[in-house]
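Biologist: I am new to this structure and would like to learn how to read it. Could you take me through it feature by feature?

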2 protein chains.
Amino acid sequence: MTETQTTNALRLLQSADALRAGLAGEFSAVHGLSVNEFFMLLHLERSAKHRLPRVELAKRMHVSASTITRMVAPLEKIGLLGRDADARDARLVFVVLTESGRARLAEAQTTFSKRAGYVFRDRWSDAELAQFSELLQRLLAGVPEPLA
Amino acid sequence: MTETQTTNALRLLQSADALRAGLAGEFSAVHGLSVNEFFMLLHLERSAKHRLPRVELAKRMHVSASTITRMVAPLEKIGLLGRDADARDARLVFVVLTESGRARLAEAQTTFSKRAGYVFRDRWSDAELAQFSELLQRLLAGVPEPLA
DNA sequence: CCATCAAGCTTGCATATGCAAGAAAATTGC
DNA sequence: GCAATTTTCTTGCATATGCAAGCTTGATGG
């Protein structure tokens, strides 16, 4: 039914907005990271050699290439990210997650999990959580390289 | 389980991002509206007298009051929104959805539903859609005045 | 009543982000 | 092998948004 689909899309966007808003404050205050920066580190951590070309990051995060350029700069400056040239293609500039970056990410993931626990704290049985997980995964079928 | 909660939170954010990114392009091209503007019109349409104080809009949309001020201005200029003073409290400036605004919103909702249909087009039975709807509603329990 | 504090809104400044143009390098077509 | 096209990345400009300060109006306490 179209109506249910529309309702679901609205609910999906609203609940994600609420979650993201909750995360944003805690993240910047506690870890000095924006939610988007957190996602960027996460994509890198889960990639081979902890690195990705900028274009690939842009696609996965649904942002423009220029945004990646500008997001990386300050994180590189504080040592969470590094850069790696590709021997075969001089156009490529890999973004690399450093050890320091992995450590920071690990801290942020703790906060993330805590918030996730808070969101699902009430009225959710294990079965429902698993069911929700399954349905969300199905929704992510169209997304290349999902994080989870 | 904490792990499932964390996975669900990640999936929720990623799938919402993907949906929002898909909507954004079509929305601005076809209707001259951003996704956030669409949500603003939607909140107004579903309120008494099609109007809300700016502070209330800010809370519901998880944005700052200044953002509301600046989002409303251009929409007011093109006649989609109007303003209403409160007789009792001169501080309040209601944002009102005009007839023209309702018409524009209706068009945008068609696009929204089409996109929602696209997202859920495959592999989703009616039962699964209903189940997902139920779980998302539960997630929205903590959100005051959800849109759906 | 007046003084103080709180609430709603707007504005200045800083940051974030997209688009379009440009630079450098790789690929394609002939 | 060279010109034209495509790809990757960066930069200039415009828009979007948050925070803090300021303004106006209400509420509160004495």
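Biologist: Which element supplies the largest share of the surface near DNA strand C?

Modeller: A word on conventions comes before the answer. Residues are numbered from 1 along each chain as its sequence is written, while chains are lettered from A and ligands numbered from 1 in the order in which they are written. This is a predicted model, in which local features need pLDDT of at least 70, side-chain atom pairs count only at pLDDT 80 or more, and totals for chains, interfaces and linings use all residues. A residue is near a strand if its C-beta atom, placed from the backbone, lies within 6 Å of it, and helices are DSSP runs (H or I, at least four residues) numbered from the N terminus. Here the largest share near DNA strand C, four residues, comes from H4(A).

Biologist: How many residues surround DNA strand D, and which are the closest?

Modeller: There are 19 residues around DNA strand D, and the closest are A:Val55, A:Ser66, B:Ser66, B:Thr67 and B:Ala90. Two or more residues each come from helix H3 (54-61) and helix H4 (65-77) of chain A, and from helix H4 (65-77) of chain B, with H4(B) giving the most, four residues.

Biologist: What rotation superposes chain A on chain B?

Modeller: Two copies of a chain are related by a rotation about an axis and a shift along it. With least squares on the C-alpha atoms of residues with pLDDT of at least 70 in both copies, a rotation of 180° with 0.0 Å of shift along its axis superposes chain A on chain B (RMSD 0.0 Å). That is the relation of a two-fold axis.
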